[in-house]
Amino acid sequence: MSIKETIMDDLKEAMKAQEADKLRVLRSLKAKILEKEISERKGGESSITDEQVTEVLMKATKQRKESIDQFEQGGRDDLVEKEKQELSIIESYLPEMMDDDAIRKEVQKQMEEMGASSMADMGKLMGVMMSKLKGKAEGGDVSRIVKEELSK
């Protein structure tokens, strides 16, 4: 079953169980997925891959994390909790993310293949790494590790 189908099934279940918080988040995800489908539509036909759904989920995750940071700075603990709940629901649909060690190994391997050794190579290396690790690691983590490795 695709990620989209899982979300749609869970949406129906949340309606039946009257889980208001989960329902709100899943409706939001459904809308974002439909937006992506419409933007990808060619000749009236539209189908969205799990990779594209993962992109939508990653973007929603990033937005929630940024909101949490802003609400914490503003001292709005009530909103922080709400955003954290939404974040945990969204993350439950994402594939397992790579940890720093796994990202570092991939970066080192790619640096060897490309012969990258200085910060001047960062743009090329980031381009390759982001396409390789899309949906498996967050961009901020990849960027930080690439900088660390190129600074050595």
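1. The side chains of Glu-72 and Lys-84 form a salt bridge, with 4.0 Å from N to O. A salt bridge here is a side-chain nitrogen of Lys or Arg within 4 Å of a carboxyl oxygen of Asp or Glu. The pair joins distant parts of the chain: Glu-72 belongs to helix H3 (residues 50–73) and Lys-84 to helix H4, twelve residues apart. Helices are DSSP runs of H or I with at least four residues, numbered from the N terminus.

2. The model is predicted: local features need pLDDT of at least 70, side-chain atom pairs count only at pLDDT 80 or more, and totals for chains, interfaces and linings use all residues. Residues are numbered from 1 along each chain as its sequence is written, and side-chain values use heavy atoms, with hydrogens and water left out.

3. Are Glu-72 and Lys-84 buried or exposed, or partly exposed? Glu-72 counts as partly exposed because its relative accessible area is 42%. Lys-84 is also partly exposed, at 37%. The cut-offs are under 20% relative accessible area for buried, over 50% for exposed, and partly exposed in between (1.4 Å probe, protein chains only). The areas come from the Shrake-Rupley method.

4. The structure holds 16 salt bridges. Side chains of opposite charge can pair when their charged atoms come close. Another of these pairs is Arg-24 with Glu-86, whose closest N and O atoms are 2.4 Å apart. This pair also links distant parts of the chain, since Arg-24 is in helix H2 and Glu-86 in helix H4 (residues 77–91), 62 residues apart. Arg-24 is partly exposed because its relative accessible area is 35%, whereas Glu-86, at 7%, is buried.

5. Asp-100 and Arg-144 form a salt bridge, with 3.0 Å between the closest N and O atoms. Here the distant parts of the chain are helix H5 (residues 100–114), which holds Asp-100, and helix H7 (residues 139–151), which holds Arg-144; the two residues are 44 residues apart. Asp-100 has a relative accessible area of 31% and is therefore partly exposed. Arg-144 is partly exposed too, at 32%.

6. A patch of positive charge on the surface is made of Lys-12, Lys-16, Arg-27 and Lys-30. Patches take residues with over 30% relative accessible area and no salt bridge; like charges are joined within 9 Å, and nonpolar side chains (Val, Leu, Ile, Met, Phe, Trp, Tyr) within 5 Å. Lys and Arg count as positive and Asp and Glu as negative, while His and the chain ends are not counted. Each charge is placed at NZ of Lys, CZ of Arg, CG of Asp or CD of Glu. Helix H1 (3–17) and helix H2 (20–40) each provide at least two residues of the positive patch. Arg-27 sits in helix H2 and counts as partly exposed because its relative accessibility is 46%.

7. Where does the negative charge gather? Glu-5, Asp-9, Glu-13, Glu-19 and Asp-50 form a negative patch on the surface. H1 gives the most to this patch, with three residues. Asp-9 lies in helix H1 and is partly exposed, with a relative accessible area of 32%.

8. A last point concerns Leu-79, which is part of helix H4. Leu-79 counts as partly exposed because its relative accessibility is 24%. The C-alpha atoms of Leu-79 and Ser-67 are 8.8 Å apart, and the two residues are twelve residues apart along the chain.

Conventions. Accessible areas come from the Shrake-Rupley method with a 1.4 Å probe; for residues, only the protein chains shown count as cover.
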